[in-house]
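Hi everyone, thanks for coming along. Let me put it up on the screen.

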Amino acid sequence: MFKKNALENFSGQGKKQVPLLPLRDIVVFPGMVVPLFVGREKSIDALKHALSQEKEIFLATQKNAKMDEPSLRDIYSFGTLAAVLQLLKMPDGTVKALVEAKARGKIKNYLPDLGFFMVEVEKTAEHYEPTPKIEALVRSIHSSFESYAELNQKIGDDVADIVASTLDPFQLVYTVAGHLTAKIREKQALLEIEDVEGILEKLYKILTAEIDILQLEENLRHRVKKQMEKTQKNYYLNEQMRAIQKEMGTQDDFASELKDLEKKIKNKNLPKDAAAKVRQEFKKLKTMTSMSAEASVVRNYIDWILSLPWLTKTKDKLNIQEAEVILEEDHYGLSKPKERIVEYLAVQNLTRKIKGPILCFVGPPGVGKTSLAKSVARSLGRNFIRLSLGGVRDEAEIRGHRRTYIGAMPGKIIQYLKRAKSNNPVFCLDEVDKMSTDFRGDPSAALLEVLDPEQNYAFNDHYLDLDYNLSEILFITTANDLVGVPPALQDRMEVIRLPGYTEIEKLHIAKRFLIKKQIQQNGLSEDNIAFSDQAILSIIRHYTKEAGVRNLEREIAAVCRKVAKEVAQKGKSTKARISTNSLHRYLGVYKFEFGKTEEKDQIGLATGLAWTSVGGELLHIEATIMPGKGNLELTGTLGDVMKESAKAALSYVRSRARRLGLPDDFYEKVDIHVHVPEGGTPKDGPSAGITVATAIASALLRKPVKRNLAMTGEITLRGRILPIGGLKEKIIAAHRVGIGRVLIPQENKKDIEEIPAKVLKKVELVLVDHMDGVLKEAFILVEGEELFLPEGGFQPFTLPIEEGKPEITAH
């Protein structure tokens with residue numbers, strides 16, 4: 001909005017001291033009445049100060065509009081003196097200011113900071129003497145603005161009339177410049193030119209450039225419109241040409257392409273339903289034009305059908321001895337999965353037709369689940385494909401999207417079969433326990449059909465909408481833990497557990513596979529480096545702590561890299577012998593202590609065994625007693641099941657109080673604190689029940705627990721010991737740290753045969769079925785001492801609490 005007489009009403013000459021309001025992305029010219037939305041505190045304070053004084057403020061534009069806190073040198077020195085007409089506070093804390101620009105001015109001096117910018121401004125003189133040149137420029141600007149208004153739909157007739165009636169050169173410049181969409185720096189240049197001819201010439205140049213841009217935009221609009229009309233015209237002409245070619249017997253490129261496609265369809269060996277569907281789609285494609293959007297969708301669908309290996313198969317190697325050799329070459333140990341693959345080959349050899357089994361390899365990271373799947377493919381002579389399911393959360397990733405969606409594609413199962421180029425590959429579904437669910441569906445539910453031998457002969461992908469036979473595929477899934485796999489999906493798979501490797505197995509794997517691999521990858525030869533068996537064992541014991549061999553390979557690679565550096569510096573004849581003594585030069589100080597148990601038998605400290613997704617672990621459980629009111633404190637980031645197990649353990653001890661020589665009310669006068677170290681690691685499960693009970697009983701009776709003894713088992717209120725899972729991993733963990741004796745539940749006797757014989761030679765397993773037997777095995781008793789008193793043989797006993805505290809005696 002412009003006020004025509006704004007300049008004439010401005011009062012005041014010479015220099016003025018006024019607040020400064022920096023502006024972003026706008027240049028205000030005299031005569032303009034503009035609303036400004038102000039959010040910066042400094043700017044709001046400047047407006048308030050102006051309103052409280054003479055309502056005058058100086059408007060100057062920032063050089064960089066993105067700067068939130070501009071300094072004085074970031075603001076142009078030329079601007080506009082304005083009057084604040086109104087201030088209105090908005091709900092979001094900003095201020096809407098209505099200002100009327102009066103006259104141009106220039107900052108002459110910056111005054112001391114008052115919380116906002118205060119400047120001394122001098123009004124720009126606007127005197128001129130009429131000349132023919134000025135008259136010519138004014139007329140040119142009138143004429144050009146008339147053309148500009150015709151091209152720019154935003155310029156109304158009222159604005160054009162005001163400009164046409166304005167004869168004052170300066171007022172004409174301000175009115176026209178306020179309606180131009182020119183760049184900020186060009187508008188700012190207009191403010192800074194004091195000479196009347198110079199400012200008119202500058203405006204005329206800007207106006208001419210804007211008219212050229214608008215004319216170019218108009219030409220582009222006409223060209224696009226014309227192009228669209230041409231496209232429609234071409235469509236009708238193409239249709240006519242096709243009709244003519246059909247009559248004349250000639251063909252265009254699209255027709256030639258259709259002919260090639262028809263040839264592919266005839267040569268492709270397809271199931272009956274797929275063949276009928278592709279012929280139907282091809283018939284539909286022939287009626288479409290090449291430029292039709294639907295034609296590309298249909299063509300893409302036909303291409304997918306033709307690219308899949310519907311009936312293409314590879315011939316299986318049915319030589320059992322050869323398969324066993326290949327499996328042994330690639331992996332050491334892992335007898336169960338190898339045996340299952342050989343069984344599958346044997347049945348294939350006899351029947352020549354069997355549905356592909358659905359195997360699920362479950363084990364800690366680094367034990368060779370995925371690489372074993374590759375070896376299975378090699379031993380069978382089949383193609384191998386691997387699909388990682390980690391992070392998959394959309395059902396359409398498995399089943400595909402329906403063709404009605406733009407950019408629809410088949411699911412991953414069909415996509416990967418296209419890569420496999422055969423219909424009977426070994427298909428590895430990696431990390432099946434890492435799938436998740438959200439609003440887009442549950443991918444594990446979609447896998448139920450894929451992994452069911454009774455259903456997957458007719459797997460229906462949403463995109464293909466055809467039954468595809470997956471029954472001849474050998475599916476192998478891998479997982480670290482079955483907890484994340486739905487029970488219905490587990491039920492469809494044959495689970496084969498791959499436990500952690502023993503030290504001896506890791507030693508053989510390192511010698512047979514890992515060292516050779518790293519020597520080759522690091523550009524070394526066997527003449528450059530040699531590892532002693534003790535050095536490898538030292539790496540296993542002191543630099544890794546894992547169930548698999550992934551970290552072991554990393555440490556061996558680290559040694560090889562350092563040796564490669566020596567070879568590069570000293571020559572290829574360099575030879576490094578890696579022994580236990582020289583190992584620290586390559587790998588630094590030990591990362592883990594091996595076989596370190598407590599230096600002496602301690603009271604209130606028992607060693608348990610835990611199962612984790614990376615193998616077995618030792619679990620040290622501490623218990624202490626102190627005067628109190630019968631509270632049981634449990635710490636160490638324990639889960640609900642483990643807390644309940646600890647309460648059951650305490651209840652057992654209380655039920656045996658008289659037999660153990662404890663007063664009936666002992667728990668009322670002491671607090672018991674049970675702690676499981678490594679508090680940053682969450683722990684849960686019932687298998688530490690007997691360990692907790694042993695630690696509590698040891699603390700109460702002041703009986704030390706044997707330091708070379710570990711235990712695992714769930715406890716009931718009556719002291720019965722229930723079976724636990726993960727026995728093999730737990731015993732291997734005990735063997736790894738040098739534990740010589742382990743107490744296990746009687747009902748786990750059936751699982752002992754799964755434990756490697758080399759481990760059983762070093763670790764003695766003691767079967768127990770009641771907590772009484774655990775305490776007798778765990779405590780160190782004086783020769784001839786009986787732990788449990790006979791029934792009715794209760795004797796006074798003093799509770800062992802902290803030194804200096806009153807003793808509690810039972811009578």
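Predicted model: local features only at pLDDT ≥ 70, side-chain atom pairs only at ≥ 80, totals over all residues.

Let's start with a question: is the crossing of α18 and α20 left-handed or right-handed? It is right-handed.

Residues are numbered from 1 along each chain as its sequence is written, and side-chain values use heavy atoms, with hydrogens and water left out. Helices (H or I, at least four residues) and strands (E, at least two) are DSSP runs, numbered from the N terminus.

Back to our pair. The angle between α18 and α20 is about 45°, and their axes are 10 Å apart. That makes α18 oblique to α20. For the record, angles under 35 degrees count as roughly parallel, over 145 as roughly antiparallel, 65 to 115 as roughly perpendicular, and the rest as oblique. The axes themselves are lines fitted to C-alpha atoms, for helices over the stretch in contact, and the angles run from 0 to 180 degrees between N-to-C directions.

Who makes the contact, meaning heavy atoms within 4.5 Å? On the α18 side we have K506, A510, L514, I515, K517, Q518 and I519, and from α20 come L552, E553, I556, A557 and C560. By class, that is 8 nonpolar, 1 polar and 3 charged residues. Here Ala, Val, Leu, Ile, Met, Phe, Trp, Tyr, Cys and Pro count as nonpolar, Asp, Glu, Lys and Arg as charged, and the others, Gly among them, as polar.

Let's stay with α20 for a moment. The expected span is 1.5 Å times one less than the number of residues.

Which residues of α20 are buried? Among them are L552, I556, A557, C560 and V563, and also the glutamates E553, E555 and E566. Buried means under 20% relative accessible area, exposed over 50%, and partly exposed in between, using a 1.4 Å probe and protein chains only. The cover over these buried residues includes α18 (503–521), β14 (529–531), α19 (533–542), β15 (576–578) and α21 (583–587). Just after the helix, G571 takes a positive phi of about 115°.

Now for a second pair, α9 (residues 272–286) and α10 (residues 293–307). Their axes come within 10 Å and cross at roughly 155°. That makes α9 roughly antiparallel to α10, and the crossing is left-handed. In α9, K277, V278, E281, F282, K284 and L285 meet A295, V298, R299, Y301, I302 and I305 of α10. The classes here are 8 nonpolar, no polar and 4 charged residues.

As for α10 on its own, its 15 residues should span 21 Å, and its end C-alpha atoms are 22 Å apart, which agrees. Its buried residues include A295, V298, Y301, I302 and I305, along with W304 and L306.

I690, A693, T694 and A697 in α23 meet M771, V774, L775 and A778 in α26. That gives 7 nonpolar, 1 polar and no charged residues.

Finally, a few single residues to look at. K55 has a positive phi of about 65° although it is not a glycine. K55 sits in the loop between α2 (41–52) and β3 (56–61), and at 41% relative accessibility this lysine counts as partly exposed. T637 is another non-glycine residue with a positive phi, near 55°. You'll find T637 in the loop between β19 (632–635) and α22 (640–655), and T637 is partly exposed too, with a relative accessible area of 41%.

Key: Contact = heavy atoms within 4.5 Å. Left-handed = near helix turned anticlockwise from the far one by under 90°.
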